[in-house]
Amino acid sequence: MAATGSEQKGQKAYYVSTPIYYVNDAPHLGHAYTTVAGDVLTRWHRQRGEKVWYLTGTDEHGQKIMRTAEANGVSPQEWCDKLVEEAWKPLWEHLDIAHDDFIRTTEKRHTDRVQEFVQDLYDKGEIYQGGYEGPYCVPCEEYKTYAELLDGEGDFEGQKLCPIHKKPVEMLKEENYFFKLSEYGEKLLAHYEANPDFIQPESARNEVMQFVRQGLEDLSISRSTFDWGVKIPWDDKHVIYVWIDALLNYATAVGYGSDQKKFEETFPADVHLVGKDILRFHAVIWPAMLMANGLPLPQRVVANGWLMVGGEKMSKSNLTGISPQQLTEHFGVDAYRWYFLRAIAFGQDGSFSWEDFSARYTSELANDYGNLASRVAAMVGKYFGGTLPDGAPAHGDAEQVLVDALAKAAADADEKIGDQLDFAGGIAAVFDFIKLVNGYLTEQEPWKVAKDKSDEAQARLATILYTAAESLRACAVLLNAVMPTTSQKLWDSLGAEASLGALADQPAADVARWGQLPAGSTVTKGAVLFPRLEEPKA
């Protein structure tokens, strides 16, 4: 679901990017994990009323793409077009990703600006010609050092393997152009020291700082043994190294060299979301490139961990890739969006299992949250004809506990999700509140109170059900960034659209103000928010 950037004038956009993903194959859970995280983060900031820009896209140049296309009997461009239109864009739409732009590195708006950027560096004396020989991993599109290579075993015995892909590297010898990366080590370290939040989490920051302290080598920024890439503008026998090409999407997509006003209102990124295996490109090479061209550096580079299956990183090359659609077909899209951010601390490796997903779905989504919504709607329907009663007359200490708990949950969720990118902690804060509301209903026993037809008892019943419904109103807002479709269903069930307006327009800062859902709202029992899971087909 593509979105349009907010229209606030003169305010710098809160700019978030995912990596641009290689289109050598269809997306798997690891790609979707990062993209959903970025979507939740940017939806949260939109609901704060901020101007937001969310960028994703695809990386379509390089030797890996060329070889994949050749193996499938088509041109690289045909391969990229097919994968983007048939796999990548449809998945993001399916997962309700509200990106503002989807950039492809084969687009002219990108390639022209890449050539301009590299030409500027060349003109400034930041690039020179030289030769290079060393081990190269095509899946990583990266030269490796001998120290990090693994010794092959079995079919690969006697060969050196990439530590990430566990496949043999190739020995390459080329005449290339080089960027003077070695001159930026001290400048980078000074930036890291002055901006301790620049690289997150702390383990990632420590790894990068140790790497830079060991000394940086100049970076080969061109390839001359194949031609699928952006041509070096002063020497068309070379194409620009795919990582230089790819990193520049964060600038070209927001107007670098073409729309200065948009560029100034958007760049640099507030958050680059990256996998930890590509952290060095984003935390070392990218800021050095920006320094060399006199451009501002991003605020934060945040590395998420790997999704693991059987102890192995989830990827096609390790044969552990799982299609997101396999999970959404069984659990639903919103539950999918919720689960990975709820179950895995962002920035750490996490293991996925079908059993854990099923257990959490049943316990937290179906039993705690969905059942609460169904019970409240059913009781308002049964005892008050579907019209939300006035809860003020009998509001007492028990209700005030929930009022105070909501204020804390809202503040915690806002800080954790919106500022710290602690999605698991923020979601947990909301679900702790949901548990309190369930406990409140258990203690107050409205089904027993309803049997007493006295005015006092009926006023008490009204307060109990109003309190539960108003709590659900807040939950719909707090979980809207995570589960937008479910939140809208709940919002409609509470009659909130008619009385409070569109869910997307509810300001996050105001969510904890008690009493927003007006008495007289029409509450309906809609479809079950989280249906009982069926046994997966064999």
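Reader: What makes the second largest cavity a cavity, and how much space lies in it?
Author: About 50 Å³ lies in there. On a 1 Å grid over the protein atoms alone, a cavity is a set of points where a 1.4 Å probe fits but cannot get out. Grid points are joined across faces, edges and corners, and the volume is the space filled by probe spheres set on the points. Bear in mind that this is a predicted model: local features need pLDDT of at least 70 and side-chain atom pairs 80 or more, while totals for chains, interfaces and linings use all residues. Residues are numbered from 1 along each chain as its sequence is written, and side-chain values use heavy atoms, with hydrogens and water left out.

Reader: How do you know which residues line the second largest cavity?
Author: A lining residue has an atom within 4 Å of a point. Among those that pass are H61, Y136, R223, W228 and V239.

Reader: What makes R223 and V239 partners in a sheet?
Author: They are bridge partners, with V239 in β14. Two bridges join β12 to strand β14 (residues 235-240), and the two run antiparallel. Two strands pair if DSSP finds at least two bridges between them, so β12 and β14 qualify. Strands here are DSSP E runs of at least two residues, numbered from the N terminus.

Reader: Why do β12 and β13 stand at the edges?
Author: The open sheet has the order β12-β14-β13. β12 (222-223) and β13 (231-232) each have a single partner strand, so one side of each lacks a neighbour in the sheet.

Reader: Why are both faces of strand β4 called covered?
Author: D101 and I103 on one side, and F102 and R104 on the other, are all buried. Buried means under 20% relative accessible area with a 1.4 Å probe, protein chains only (over 50% is exposed, in between is partly exposed), so each of these four falls under 20%. β4 also pairs with β3 (residues 52-59) in the parallel sense over four bridges, and T58 stands opposite R104.

Reader: What makes the residues around F340 a nonpolar core?
Author: The term covers buried Ala, Val, Leu, Ile, Met, Phe, Trp, Tyr and Cys residues joined through side-chain atoms within 4.5 Å. The largest such core has 171 residues, and F340 is one of those that touch the most other members, along with Y192, I244 and Y369. Helix α17 (residues 455-478) gives the most to this core, with 13 residues.

Technical notes
1 Å grid on protein atoms, 1.4 Å probe; cavity = no way out; pocket = protein on both sides within 12 Å on 5 of 7 lines; lining within 4 Å.
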